[in-house]
Structure formats: structure tokens, C-alpha cells
Amino acid sequence: KAPRPWIGTSMFNVSLTPTVQSIKALLPLFINPLPVAEKINNNTMKLSAALTLIALTGANAFAPAAKAPVTTQLAMSEYRTSVRDNVDVGTGGPLAGAMGGRDLAEIWDNSSPVIVQGGSLRTWSFANPAIESVQVLLKTEGRPLDADVELWQGPDNTPHKMRVYVEDGALRTFNAVIGTPRGPNTVAIRNIGQLEFPLDAVVRPDRDDGLAAGIASVATRSETIQGGALRTYPFNPTVDSVAIILKTDGRPLNARIELLQGPNNNKQVVELYTEDGLDRPFFAIVETPGSGNVVRVVNTAPVEFPLYASVDAYRVGGGGDWADDGLMIGRAF
């Protein structure tokens with residue numbers, strides 16, 4: 001008869017035929033099967049280890065790589081503006097004697113104030129594009145001061161606006177510098193007080209050695225104020241005025257500046273809006289006569305719009321007008 005088709009397994013690669021040689025070849029498998037089983041187990045363990053190593057290597061490919069720590073703190077001195085071309089905020093120029101920066105009395109003496117009656121509006125136009133900033137000074141004869149200050153640049157374009165309130169416009173005058181790049185520009189001041197409360201206004205260009213340069217020369221530090229947060233800066237009685245600089249990294253600036261003298265006792269409040277806090281930073285001098293003065297800066301913008309504030313002493317007196325009990329003597333209000 002013809003031989004049957006072969007029967008075998010792929011594992012051992014042995015063909016079973018009816019011959020004696022094939023039977024003899026199969027006998028060792030049935031007599032001593034342990035070496036074969038050990039080989040199978042060893043191969044299985046090696047395969048499992050290889051698969052595990054491949055799986056771990058593939059998982060590491062999807063793991064994020066370690067990154068070096070990156071700081072997000074932005075110092076105010078990293079930005080330069082047209083208002084202070086040659087003055088670096090953060091250098092901290094020392095106070096010259098009892099005074100830092102320019103004297104406000106000198107500015108008032110060398111200017112011609114314009115009277116703005118209650119409920120009226122006055123404007124100052126600057127067509128020269130070389131004027132990159134203007135000084136805005138407001139005061140009264142001792143009555144409250146309540147005014148709106150706006151910067152107009154073209155039709156229906158108000159890149160800067162302020163709401164100013166001062167309890168006593170003679171004791172604490174309002175002094176600020178507004179950036180006016182890319183003229184022509186117009187500054188509008190509206191006295192929103194009653195007819196019985198007029199105010200005096202001075203609006204004039206700010207030179208390279210003007211008020212903004214004096215404010216920047218005494219700035220020693222800047223602090224980041226996140227959106228919705230506030231910072232307070234207390235000052236001792238020897239400080240007669242405080243220099244304030246507010247700006248952003250190019251985003252809009254919305255803030256409220258308050259001068260407190262006692263709990264919830266606002267002596268001066270400025271609500272500020274600037275379209276671009278880097279191109280149009282805000283410089284101001286807040287007079288702080290008396291004791292217990294605290295400057296509070298509130299970022300009224302959302303959390304995505306932080307601002308950078310610098311609040312430092314501008315004019316420091318000798319302290320000779322103060323008694324031990326904190327009362328001011330020898331000075332007329």
C-alpha cells in the first residue's frame with residue numbers, strides 16, 4: 001500500500017510514518033518530556049519579558065518631557081515708553097535732601113490756570129505730534145473737586161479717561177501726566193460738580209525733565225497686581241507726597257487709586273482707564289499731608305489683565321512740623 005500522509009506538529013517538526021525509524025525518533029519525547037517543557041517555559045518567559053520591555057518603552061514616548069522652570073514675573077523696568085525715554089523706572093534715584101523730583105508749587109507759579117466752572121467743559125488741543133505727554137493739574141480753593149478728564153484722539157476715540165474726586169482741592173491737588181503719542185490730541189476736562197464748586201486747571205506739555213521724569217526718578221520698585229486684586233501702601237507722617245506709576249505690558253489698564261486717612265475715609269479717588277497701558281502709562285503725584293495715610297491701588301480689570309504698579313515717596317519733609325502726639329503744628333491749611 002501507499003504510505004499514509006504524514007502526521008506531524010509544527011512545534012517539534014517531526015513526521016510520523018509507519019516506519020521503525022520514525023517510531024524510534026518519537027520514543028525520547030515520551031520517555032523524557034521535561035527538557036522540552038523547560039525549553040517551552042524558558043521561551044515563554046523570555047517572550048513575556050520582551051513584550052513588557054516594549055510596552056514600557058512605548059509608554060515613555062507619550063510621557064511629557066521635563067521642562068525647565070519658566071518665570072512669568074515681568075518687571076516694569078523691562079519696558080520703555082515715550083513718556084520716559086531716558087529714565088529707567090527701578091533705578092531708585094535718591095531723594096535730594098528733603099525733596100525728590102520737581103516741586104509742584106513751582107509748576108503752579110509758572111503756569112496760568114484756567115477756571116472751569118461747575119457743570120462746564122474746557123478743552124486743550126495739541127496739534128504738534130512731538131508732544132508725547134502732557135501735565136494735568138487740578139485744584140480748588142478748599143472745596144471738593146469732582147471732574148472727568150478725557151484724552152481725545154480723532155472722532156469718537158477716547159484712549160484715556162479718568163474720574164477724579166478730591167475732598168479738599170487746596171490741601172491735596174491732583175497732579176498727573178497723560179501720554180499723548182501720535183498727535184494731534186485734545187485733553188478735555190469737565191467739572192461735574194455743582195456751580196458753587198469751580199476748579200483751576202493747568203494743562204501743558206511735559207518736557208524731558210518734567211513731572212514724569214521726576215516721578216520716574218524716585219521709583220525704586222514695581223509690583224504686579226493681578227486682575228481683581230489690590231495692594232495697600234502705608235506712609236509715615238514725614239512723607240508729604242507720593243509718586244505713583246501704573247502700566248501694563250500692552251493690554252488695557254483699568255484701576256482705582258484711593259488715598260485713605262483712617263478706616264474707609266477716602267480723601268482722594270481716581271478711577272482710571274487707559275487703552276494701552278504700555279503706550280500710555282499713568283504717572284501721578286498724590287499729596288499726603290497729615291498722619292495715617294495709606295495709598296490703595298485696585299486692579300478693576302479681569303484676571304487676564306494684570307498691571308504693574310510703583311508707589312514710592314516723592315517729597316519727604318523734615319518732620320519738624322509734627323508733635324509727638326501726631327498733630328501737625330505751625331502749618332496753615
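**Exercise 1.** Which helix and strands do the buried residues of H4 pack against?

*Solution.* This is a predicted model.
Step 1: find helix H4, residues 211–218.
Step 2: pick out its buried residues, those under 20% relative accessible area. They are Leu211, Ala212, Ala213, Gly214, Ile215, Ala216 and Val218.
Step 3: look for their partners. One is helix H3 (104–109). The others are strands S5 (133–139), S8 (174–179), S13 (239–247), S16 (282–287) and S18 (307–316).
Step 4: conclude. Seven of the eight residues of H4 are buried, so the helix is largely enclosed by the rest of the structure.

**Exercise 2.** Find the largest cavity and describe its lining.

*Solution.* 
Step 1: search the whole structure. One cavity of 30 Å³ or more turns up. The volume of the largest cavity is about 40 Å³.
Step 2: list the lining. It consists of Ile257, Glu258, Leu259, Gln268, Val269, Val270, Val286 and Val295.
Step 3: sort by class. Six lining residues are nonpolar, one is polar and one is charged.

**Exercise 3.** Describe the chain as a whole, starting with its secondary structure.

*Solution.* 
Step 1: count the elements. The chain has four helices and 18 strands.
Step 2: check burial. Of the 333 residues, 38% are buried.
Step 3: check the contacts. Take those with a separation of 6 or more; 81% of them join residues 24 or more positions apart.
Step 4: The accessible surface is about 18400 Å², and 56% of it belongs to carbon and sulfur atoms.

Note on methods
Residues numbered from 1 in each chain as written. Predicted model: local features only at pLDDT ≥ 70, side-chain atom pairs only at ≥ 80, totals over all residues. Heavy atoms only, no water. Helix = DSSP H or I, 4+ residues; strand = E, 2+ residues; numbered from the N terminus. Buried < 20%, exposed > 50% of the residue type's maximum accessible area, 1.4 Å probe, protein only. Contact = heavy atoms within 4.5 Å. Areas by Shrake-Rupley, 256 points an atom, 1.4 Å probe, with all protein chains shown as cover. 1 Å grid on protein atoms, 1.4 Å probe; cavity = no way out; pocket = protein on both sides within 12 Å on 5 of 7 lines; lining within 4 Å. Points joined across faces, edges and corners; volume = space filled by probe spheres on them. Nonpolar A, V, L, I, M, F, W, Y, C, P; charged D, E, K, R; others polar.
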